[in-house]
Amino acid sequence: MPKFFTFRSRDEYREDEIYRHLEPALAFQLELSRLRNFTLKLYQTQNHRMHLYHGIAKNKGGKEPIDHRFFVRAIIRHSDLITEEASFSYLRSEGERLLIESLDELEVAIKSHSYKTDQNHVFLNFAPSVNMEANEVLNSVSEAVLKYGRRLWELRVTQAELKINVRQDEETTSYRIFLSSEDGYRLESHLYREVVQSQKTIFLSIGPDEDPGPLNGLSTDTPYSTKDLLQTARYKAQSAGCAYAYDYPSFFKSALKSSWEDKKVKHPKDFFTCNELILDKSGKLHEVTRDPAQNTIGMVAWRMKFNQITIQGKREIIVIANDSTVQQGSFGPAEDDLFAAASKLARDEGIPRIYITGNNSGARIGLSKDVQSCFQVAWKDQEAGLIEYFYLSSADYSKYSSQVIAEHVTCESESRYKINAIIGSSDCGTAALKGSGLIAGETSKAYREIPTISLVTGRAVGIGAYLVRLGQRVVQVESSFVILTGFVALNSVLGSSVYSSNQQLGGPQIMSKNGVSHLTVADDYAGIRTVIHWLSYIPVKGGLLDIPKIICDDPPERQVTVEIKEKTYEARRILAGDSEHLGILDRGSLLELQPDWAKTVLIGRGRLGGIPIGIIAAETRQVTSLVPADPADRNSQEKIITQAGSVWFPDSAFKTAQAIRDIDQEGLPLLILANWRGFSGGMKDMYDQVLKFGAMIVDALSEYKSGPVLVYIPPLGELRGGAWAVLDKSINPAKIELYADPNSRSGVLEPEGTVKIKMKDKNLQELMCRFDSQMKELQTTLNSGSLTTEQIGTTSELSHLRSKSLQDAYHNLAIQFADLHDMPQAVANKQCLTKVVPLAECRKFLYNRLRRKLLEDKCVDLIKDSDPDVTRDEAIATLERYFFQNHLKSGVKWEEDVPVEKWLAEQIENANSHLNIMIQQNQSDIMLKQVLKLSENQEVDQIADVVQSLLDSLSDEKQKQVLSIINVNR
C-alpha cells in the first residue's frame, strides 16, 4: 500500500504529520478542519483505512489542559450502489465492520495512552451514493450503534458521526447523522441535510420541530467544541460510577416522553417543566432557572411539574439528589439545610418526594486545615513519639483563635497557646452530624405524610443509607450499594481482609433479599423510568377516580377466565392472568415489589378498571430463600430456608404490615387476595417475633384511611385462625370488607383439626350406631341386659371389629361434616362475610364496589368538612335517606352498587343535589354559630360594627340581597 507524506511551504517544508498516509485528493473528506479547537497528534494504526488523532483542547488561559480525547476518522470508498437492496446490505455490513475496526484501534490507543480520555469521537464518511431513504439509513446506523453500545461507552465514545450521500430521482443529497450519548444511558439521534445557503453549506435538521438538533443552521465546517464545565463535572461523576446530578432532570423528561410513546399517544406540548430549588442567605427556599453545574454545595433539588398518561392534569414532585462532584457528595450543614427545606416543601404541599443518592459518602469528615498548617508540638520524647501538648504561636493564634480552644502558657520565655480542643470548620464533624439528625427526622416525617421514593444510584453511606431506609420505598441500581461502614474500615477492625467490596456488604444481592430494596434496575436511567412508573399508581390530590380514558382499555365488566383447579397455584395468575387467560387486574398493570424477600407473600400495585390499587396476595406454593454466610464469622454457613405456602412467617408478616402502611400513605385502596391457614408458630418463628409482626398487620389495618380494603378468598382458598383474625372487618368496619368464592373455606381450624378436637372416637362411635345397621344391632344386643358374660365378650369383640372397619369412612364423614361449617354461605349468614362472589364475576363486582365505596367516602368527607360534628355513620345514614327518597318508586336498594355509585356521582357533580344543598346549609349554620358565639357578651355597638364590617366586605349587589332577605324575615 502506498505511503503519503505532506510538506507545506508555510511550515518551511516540515512534514505535516497530521496528513501522513492520507491521499491528498481525499484529505478534505476527513474534515480535519473541524478539529481546529484541538492540538492534534497522529497515532499510527495497523489499519491504514483508519486515521486516529489524539486531541488536546487548546487552552488560552495557560492552565493545564483537562480535555483529552481521541478522534477516529475513516472513509468508505466504493462504487455507487444502484438498488435499495444492495445499498442497505452494503451499508449494514461495511458500516458495522468499519465501526468495529475503529473501536479496535481506539481501544489499543487508549490502553497505551497515559491520560484518561473522554468524549471520544468516531467519524465515518460513506463516499458512495446509496439508493435508500435517509431515515432508513438513520435506523440502520442506530441499530449498529446500539448493538455495540456497551463497548462504545467503555471506550468513552460519546458521539458517532456518519456522512452519507443519498440518491433519489437522479439527484444526490448529502446527509449527516449524529448519534450521541453524553450521559451514557440514552442514545440521541439527529439527522441533517447539507444545504447551501448564502454561499455556505449548513446543516438543516430533519425531524420534529420541537427538537431540531444542536447543529441546525450551523456551517458544516463548525469545529467540535471543547469540554465545558458541565461536561467536566459529568465525566467526574460518571468516573465514580453514577450519572451526574444535573442529568437527572433530562432523564425524567426522556422517561416521561417514552411513557407516552409506549402508549402511542402524543404528549402535551409543555409536558415537563423543572426549576431548581436553592436557599438564599436567610435560609429561604427559592425556585430559580439557571444553567446546570452552578451549584456550590453537594446537594441539588428541583420542583418538577409534568403530565403523566395515567392522570388528568399535572403532577408535581420534589426531587433531591446528592452531587458527588462536590466534596465526594458528603453531607455538610449546607447540604442538610437544602435537603430539609426541599423535603419540608414537599410535605407542606402534599406532593411526592424523590431522593437520589448519587455517590454520597455520609456525614462530612474534616480536620482544620488552617490549624493543621501551623500547629507546633511540645514533645516529651520525640524519638518515642510521646507528646506533652499541641500549641500555636502568638502570631498563628491571632489568626486562628476562632478555630481553637486554647490557654496561654509560657515556656522558656516563649509565649504559647496550648490547644485544649480544635473547633475547626463549621461544615464538618459534629456540625455535620447535627445536620444528619435534622434530615433523618425530616425524612421520617416525610414518609408518614407523603409518598417518598429513594433511588440508589451509586453509594449510600452512613446517613445516606439511613435516608434510604427511612424513606422506605427503594429502587436500587445493580452496581450500587447501601452501607454503614466501608469494607476497608471493617477489615481494619476485624484485623484481616474478610470483605472484598462494598457490593458484598450492601449490593442488591443483599438489599433486595432483606426487604430494604423494592426493585433492582440495570442503570440510573432505568431507575428513573421505574420511579416514574411507580408514581403512575399514586393519585394526585382527589384524582383517584379522575382517570384518562386511554388507560381504561381493559373492560371492567369482563369475566376472569383464570381457573383454579388445585390448592397450590400462582397468585400472579389470578391477579394478572397469563398469555391465554385474564385475571382480576387490568392486563399488564401488575407491578410486583420486593419479589426476592419474604416470598410467601406477594405485594405490589395494579389497576382495576383503570383505578390504581394496592395488592397483597398469599403465595400458596412452597418457597425457598438463601441466607448467605458471613465471611466475618468462620462458623457461618450458607443456609437454604424452606417455607410452606399459605402461611405467614415472621418476614412475610412484616412485609404484609409494611406494605399496608406504604399503600395507605400512597392514598390507594387495597385488594388482599387472602389464602392463609394461619401464622407459623414454631419455636424459631416465635423467637423471630412472628407474633409482633402479626400484630403490626392489625395496627396497619386499624389505621387504614385511604380507601376500601377489599379482602377476597379465591377458589380452594382458606382463611383460618389467626389469619382471619388479623383481616376481620371489625378491625376497621368503615374500610374492610370480606368476600369469598363459593368454593373457598374459612374457620378456626381446618376440618381435620376440628375433628380431632370436637369429634373424637366416642362421637364417631355414636354416629356408627346411628347409621350402620350392624353396629346398631350389636349395640342393641349389648344394651338388652340378657346376655351372659361370655356372650357380652363375644358381642363386644364383634362391635369393636365392625367399628374398626368403619373408622376411615366415618372419619371422612366427620371431616365433611366439619367442612360444611366452613362453607362461605354459612359464614356470610353469620355476617362475617360481606358477600359470596364467584371468581369469574369478581372483577366486575370488585370494580363496581370499589367505585361505590370511593364515591361514598368522598361524599362522607364533604359532609364532615361542612360539619365536623357529624360522625361517619350519621353521614352514611343521611346519604341512604336521600337515596331512598329519590328511588322510592323504582324500588332500587341501597345495597345495589351500580345505581348507588351513579347516584353518588350525580350528588357530587350537581350543584342542586340533596348533598350540595345540605352542605351549603351546614356551612351557613356553622357560620351563624360562629357569629353568634362572637357576639355573646358584646355591647350593641360592637355587634353593629361586626355586622357592618360583614356587609362592607360584600359587593353592592350582595349587600342589597342580604338586606332584602333580612327585611322579609323581619
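**Salt bridges, burial and strand pairing**

User: Glu276 forms a salt bridge with Arg290; what makes this a salt bridge?

Analyst: The closest N and O atoms of Glu276 and Arg290 are 2.9 Å apart. A salt bridge is a side-chain nitrogen of Lys or Arg within 4 Å of a carboxyl oxygen of Asp or Glu, so this pair qualifies. The pair links distant parts of the chain, 14 residues apart: Glu276 is in strand S11 (residues 272–279) and Arg290 in the loop between strand S12 (285–288) and strand S13 (299–307). Strands (E, at least two residues) and helices (H or I, at least four) are DSSP runs, numbered from the N terminus.

User: Good to know; what kind of model is this, and how are residues numbered?

Analyst: This is a predicted model, where local features need pLDDT of at least 70, side-chain atom pairs count only at pLDDT 80 or more, and totals for chains, interfaces and linings use all residues. Residues are numbered from 1 along each chain as its sequence is written, and side-chain values use heavy atoms, leaving out hydrogens and water.

User: Why is Glu276 called buried, and why is Arg290 called partly exposed?

Analyst: Buried means under 20% relative accessible area, exposed means over 50%, and partly exposed is in between (1.4 Å probe, protein chains only). Glu276 has 5%, so it is buried; Arg290 has 33%, so it is partly exposed.

User: How do you know where Asp578 and Arg573 belong on that scale?

Analyst: Their relative accessibilities are 33% for Asp578 and 23% for Arg573, so both count as partly exposed. Their side chains meet in a salt bridge at 2.9 Å, N to O.

User: What makes the contact of Asp897 with Arg849 a tie between parts of the chain?

Analyst: The two side chains meet in a salt bridge at 2.7 Å, N to O. Asp897 lies in helix H27 (residues 897–909) and Arg849 in helix H25 (residues 839–866), so the pair ties together parts 48 residues apart in sequence. Both Asp897 and Arg849 are buried, and they belong to a salt-bridge network that also includes Lys735 and Glu737.

User: Why is strand S6 described as largely enclosed?

Analyst: Ten of the eleven residues of S6 (residues 120–130) are buried, so the rest of the structure largely encloses this strand.

User: And how do you know which strands pair with S6?

Analyst: Strands pair if DSSP finds at least two bridges between them. Strand S5 (residues 68–76) is joined to S6 by six bridges, in parallel, with Phe71 opposite His121. Strand S7 (residues 157–168) pairs with S6 over nine bridges, also parallel, and there Ile164 is the bridge partner of Phe126.
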